[in-house]
Amino acid sequence: MSIWNFNSSSSLFGSSNSNNLYSLFSERASIKSGTYKRLLRSYFDTASSDGTSSTSSKRSRGSNDIINTLIKQKMYPTVSEDAEKANSKLTSGLSSLKSSVSALQNDSTYQDTENGSTAADKVVSAMKDYVANYNDVVTASKTSTLSNKTAYVANMMSYTSKFADQLSEIGVTRKSDGTLQLDETKLKNADLSKVQKLFSSENVQSYGSLIASRTKFAGSSTSSSTSASNNTSTGTTSTKGASAAALKKDGEALASAELFAKVKDKDGNETDAYDIDKIFSTAKSFVNNYNSMFDAAESSSNSGVLANLSYIRERTKSNMNTLEEFGFSVDKDGRMKLDEDKFKNSDMSKVQDFFKNYGAYVASTASRVSYYMNTNANASNGYTSSASYNLPSASNYDTSM
């Protein structure tokens with residue numbers, strides 16, 4: 001058959017150059033507006049341009065049939081028997097994966113027991129369960145139609161890729177298809193403290209905590225690919241993005257010279273005093289909106305949201321010594337607190353110098369969180385047809401300081 005078969009049309013979505021189109025095509029809005037059809041038309045017209053006029057005419061008629069079929073399938077999707085099985089396996093697999101992560105986060109797994117089980121044996125057993133359950137979830141996600149769940153699986157895959165070197169050190173390697181392979185001997189001989197640290201529940205940025213977070217939200221998500229697309233127009237997303245927008249304003253305020261302007265006396269002369277109450281009020285608002293943003297956004301499956309939340313966490317973590325000096329602290333869940341007395345007794349000139357950079361960075365990155373939470377990009381954004389995951393490049397963001 002000619003290039004106008006369904007395999008060629010599928011390649012439009014599967015090629016590395018078409019990932020952005022794949023995300024766009026998943027939106028029902030783009031179908032209703034005609035964008036989907038225009039892009040397909042453009043693709044087929046380009047592919048047929050080399051043929052003779054009669055051949056091109058036949059291909060044009062054939063491509064119209066294909067385009068209309070594709071649009072119908074997108075607007076009124078049907079779930080095949082294989083997809084239903086994958087959906088069921090994905091749902092049950094996520095539950096099993098959650099349990100296996102929990103076992104690797106449990107301190108008792110890393111302790112010898114009286115019945116003769118060594119810590120090494122227990123860790124190997126727990127890791128075997130984790131790898132098996134992880135692979136079942138990844139495999140099922142590739143043919144599942146539960147896009148909200150598969151997007152979280154994509155998040156997991158991206159985190160696994162990020163921690164690939166550390167996982168390899170303990171005998172867990174990532175294969176080309178995204179699944180994992182375990183070298184039991186290497187794991188048994190590994191430093192178990194490294195395994196425990198990698199899966200630590202105390203560190204919200206550890207591999208184990210990140211995977212646990214994704215399994216939690218994926219397990220609670222029940223939307224299908226169709227409903228996921230429709231959810232973006234309900235207004236809920238805009239509400240969730242409000243705290244990120246508010247954090248942006250607070251960060252900008254703390255980075256400004258205006259907030260730290262010296263108080264003037266009754267004659268209008270500048271003194272050496274700061275309006276500490278005003279500065280503290282802004283800092284307190286910053287903390288509240290910081291926490292509210294994470295409460296609202298960390299359950300997102302949108303790649304842009306998750307990437308920028310990660311950047312903020314990392315920037316905060318790298319500046320914890322200075323933040324603590326001013327009375328800021330972060331708990332194990334990544335939520336921030338502020339000690340009023342300690343903050344008000346801090347050197348405000350140092351606070352100002354610090355927030356010129358940190359406040360501006362958080363403001364800039366929070367604005368991206370707000371943007372991604374308020375776009376019509378649905379849960380499958382960043383999740384490609386080959387089950388790979390595209391995070392925004394870190395080079396797009398300011399990483400100075």
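Me: What does the protein chain contain in helices and strands, and how many of its residues are buried, as a percentage?

Reply: The model is a predicted one, and its protein chain has 20 helices and six strands. Of the 401 residues in the chain, buried residues make up 45%, where buried means a relative accessible area under 20%. Among the contacts with a separation of 6 or more, 72% are accounted for by residues 24 or more positions apart.

Me: Why are α16 and α20 called roughly parallel?

Reply: The axes of helix α16 (residues 276-297) and helix α20 (residues 348-373) cross at roughly 30°, coming within 12 Å of each other. Angles under 35 degrees count as roughly parallel, and therefore α16 is described as roughly parallel to α20. The crossing of these two helices is left-handed.

Me: Which residues make the contact of α16 with α20, and what are they by class?

Reply: From α16 the contact draws on I276, I279, F286, Y290, M293, A296 and A297, while α20 provides M348, F355, Y358, V362, A366, V369 and M373. By class, the contact of α16 with α20 has 14 nonpolar residues, with no polar and no charged ones.

Me: What makes α15 and α20 roughly antiparallel?

Reply: The axes of helix α15 (residues 242-255) and α20 cross at roughly 160° and come within 7 Å. Angles over 145 degrees count as roughly antiparallel, and α15 and α20 are therefore placed in that class. The crossing of α15 and α20 is left-handed.

Me: Which residues of α15 and α20 make the contact, and how many are nonpolar, polar and charged?

Reply: On the α15 side the contact is made by A244, A245, L247, K248, G251, E252, L254 and A255, and on the α20 side by F355, K356, G359, A360, V362, A363, A366, S367, V369 and S370. By class, the contact of α15 with α20 has eleven nonpolar, four polar and three charged residues.

Me: Why do K188 and D121 count as partly exposed?

Reply: Partly exposed covers what lies between the buried limit of 20% and the exposed limit of 50%. K188 has a relative accessible area of 44%, and is therefore partly exposed, and D121, at 34%, counts as partly exposed too.

Me: What does the salt bridge of D295 and R335 tie together, and is each residue buried or exposed?

Reply: The side chains of D295 and R335 meet at 2.8 Å, N to O. D295 lies in helix α16 and R335 in the loop between β5 (328-330) and β6 (336-338), so the pair ties together parts that are 40 residues apart in sequence. With a relative accessible area of 52%, D295 is exposed, whereas R335, at 12%, is buried. These two residues also belong to a network of salt bridges that links D295, E298, R313 and R335.

Me: Where do E340 and K344 lie, and why are they called partly exposed?

Reply: Both residues lie in helix α19, four residues apart, which is about one turn of the helix, and their side chains meet in a salt bridge of 2.8 Å, N to O. E340 has a relative accessible area of 36% and K344 one of 25%, so each value falls between 20% and 50% and both residues are partly exposed.

Me: Why does K317 count as exposed?

Reply: K317, in helix α17 (residues 303-318), has a relative accessibility of 53%, and because exposed means over 50%, the residue counts as exposed. The C-alpha atoms of K317 and Q205 are separated by 9.6 Å, although the two are 112 residues apart along the chain.

Conventions:
Residues are numbered from 1 along each chain as its sequence is written. This is a predicted model: local features need pLDDT of at least 70, side-chain atom pairs count only at pLDDT 80 or more; totals for chains, interfaces and linings use all residues. Side-chain values use heavy atoms; hydrogens and water are left out. Axes are lines fitted to C-alpha atoms, for helices over the stretch in contact, and angles run from 0 to 180 degrees between N-to-C directions. Angles under 35 degrees count as roughly parallel, over 145 as roughly antiparallel, 65 to 115 as roughly perpendicular and the rest as oblique. A crossing is left-handed if the near helix is turned anticlockwise from the far one by less than a right angle, and right-handed if clockwise. Contact means heavy atoms within 4.5 Å. Ala, Val, Leu, Ile, Met, Phe, Trp, Tyr, Cys and Pro count as nonpolar, Asp, Glu, Lys and Arg as charged, and the others, Gly among them, as polar. Buried means under 20% relative accessible area, exposed over 50%, partly exposed in between (1.4 Å probe, protein chains only). A salt bridge is a side-chain nitrogen of Lys or Arg within 4 Å of a carboxyl oxygen of Asp or Glu.
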